[in-house]
Number of protein chains: 2
Amino acid sequence: MNRKGLIIVVSGFSGVGKGTLMKELIKRYDRYALSVSATTRCPRPGEENGREYFFVSNEEFERLIEENGLIEHAGFVNHYYGTPRKFVEDKLSDGIDVILEIEIQGARQIKKQYPDAVLLFVMPPSAIELKNRLIGRGTESAEVIDKRLKRAKEEAVGIEDYDYIVVNDDLDECVQKVHQIIDAAHHAPFRNIDFINTIRNELFEL
Amino acid sequence: MNRKGLIIVVSGFSGVGKGTLMKELIKRYDRYALSVSATTRCPRPGEENGREYFFVSNEEFERLIEENGLIEHAGFVNHYYGTPRKFVEDKLSDGIDVILEIEIQGARQIKKQYPDAVLLFVMPPSAIELKNRLIGRGTESAEVIDKRLKRAKEEAVGIEDYDYIVVNDDLDECVQKVHQIIDAAHHAPFRNIDFINTIRNELFEL
């Protein structure tokens, strides 16, 4: 069974800890690569071009769209975000799973182009725990926290579009669980047609 | 996330080692129970009523069908085989996953009645390895081996109806893989509607 590289879309409510989870996953296993999005928003203090995002101008972003250089893109609050195609396809052809941390509109665009893609939604253990994590960050105003919780209600409607959910309660356990879920997804027949056909042909040649 | 009991249908070519695999899975983890089928065929030497099969008469089998006492049944080579309903439903309501080792007709009947069911197909590493295992048993004539390989060709057509495939190369690794795949399947959103709705309701009550 040859393992072929898959796109892994990871979504989840703001504050659920997706970022930390994905960083830890990449650190622990060498079969994953994290895609870096392009955005037209300005870098925040501590953010580095090419690490958190590729920071580009509106004109550069529009050129990327025209040249079919993005596999998905979406606009949020006056800014564009998108996933550069080249990095993703290079990694896939090396047999590496590429993690995209994007929202549901992007997830749907991806699934259309790459039906093999695995869609994973990270859940909090409870809504109150989500709120506590947002408050606990200590970096956001009550108004911003309310906005994020409002957005969570909207996002919760789309969870059934995902292939798997995972609960981020204990970070360590959750990282391992995500790894095992991705590995299991590799075992779906439609992601292994070549291997199945090989066995079929061999059976007829016996 | 409450873990609810699921039916796990396990199929695979004769000789692939499903039986050993399932026995080992049950021994290693206490969250699984193996369903015992009813059959009208005669016990073979060493087989015990209630362990390998429930051995019943044709009349008893037909009564079971009439009383809706079987969740699936099928006929092979002049004999009936079926899965008694009571054992399965008792275990499911205790939160235990019930393993059914059945063929594709039964698998399809199960999926219709229990859309939550997980369908797993056990593959050999190669067709020649399958043939070698059948020969290696030393218990079957060349004619029987040919029949089993012919049957494998027919069964191979239905593999895409399964949710997952797993390759039985190393027994130890395969048992662990099957366990992880079943665990991952528990994380599909449609198998966790209650938990997802709880989070949705909590978000609206914040």
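This is a predicted model: local features need pLDDT of at least 70, side-chain atom pairs count only at pLDDT 80 or more; totals for chains, interfaces and linings use all residues.
For the model as a whole, ipTM is 0.93 and pTM is 0.93.

**Stop 1**

Turn to the principal axes. Along them, the C-alpha atoms of chain A fill a box of roughly 70 × 40 × 30 Å.

Now look at how the chain folds back on itself. Take the contacts in chain A with a separation of 6 or more: 69% of them join residues 24 or more positions apart. Of the 206 residues in chain A, 33% are buried.

**Stop 1: both chains**

Bring chain B back. How is chain A superposed on chain B? A rotation of 180 degrees does it, with 0.0 Å of shift along the axis and an RMSD of 0.0 Å. That is the relation of a two-fold axis. The same surface serves both copies, as 100% of the contact residues of chain A recur in chain B.

**Stop 2: the interface**

Select the contact residues. There are 34 from chain A and 34 from chain B. On the side of chain A that touches chain B, the elements giving two or more residues are these:

- α5 (127–136) of chain A
- α6 (142–156) of chain A
- β9 (164–167) of chain A
- α7 (171–185) of chain A
- α8 (193–205) of chain A

Which element gives the largest share of this side? Pick α8(A): it supplies six residues. Then colour this side of chain A by class. It has 23 nonpolar, four polar and seven charged residues.

**Stop 3: the core**

Go to the largest nonpolar core, which has 92 residues. The residues with the most contacts inside this core are A:I8, A:V9, A:L120, B:I8, B:V9 and B:L120. In soluble globular proteins, nonpolar side chains tend to be buried together.

Centre on B:V9. What does B:V9 touch, not counting residues up to four places away in sequence? Show B:L100, B:I102, B:A107, B:I110, B:A117, B:L119 and B:L120.

**Stop 5**

Move to A:N68. Find it in the loop between α2 (58–66) and β5 (70–76) of chain A. Check its backbone: phi of A:N68 is near 60 degrees, a positive value in a residue other than glycine. Most residues other than glycine have a negative phi.

Is A:N68 buried or exposed? A:N68 has 8 C-beta neighbours inside 10 Å, so it counts as exposed.

Jump to B:N68, in the loop between α2 (58–66) and β5 (70–76) of chain B. B:N68 has a positive phi of about 60 degrees although it is not a glycine. With 8 other C-beta atoms within 10 Å, B:N68 is exposed.

**Last stop: A:S126**

Finish at A:S126, in the loop between β8 (118–123) and α5 of chain A. A:S126 is partly exposed, with 15 other C-beta atoms within 10 Å.

Notes. Residues are numbered from 1 along each chain as its sequence is written. Chains are lettered from A and ligands numbered from 1 in the order in which they are written. Two residues are in contact if their C-beta atoms, placed from the backbone, lie within 7 Å. Helices (H or I, at least four residues) and strands (E, at least two) are DSSP runs, numbered from the N terminus. Ala, Val, Leu, Ile, Met, Phe, Trp, Tyr, Cys and Pro count as nonpolar, Asp, Glu, Lys and Arg as charged, and the others, Gly among them, as polar. A nonpolar core is a set of buried Ala, Val, Leu, Ile, Met, Phe, Trp, Tyr and Cys residues joined through C-beta atoms within 7 Å. A residue is buried if 20 or more other C-beta atoms lie within 10 Å of its own, exposed if 12 or fewer, and partly exposed in between; C-beta atoms are placed from the backbone. Copies are superposed by least squares on the C-alpha atoms of residues with pLDDT of at least 70 in both.
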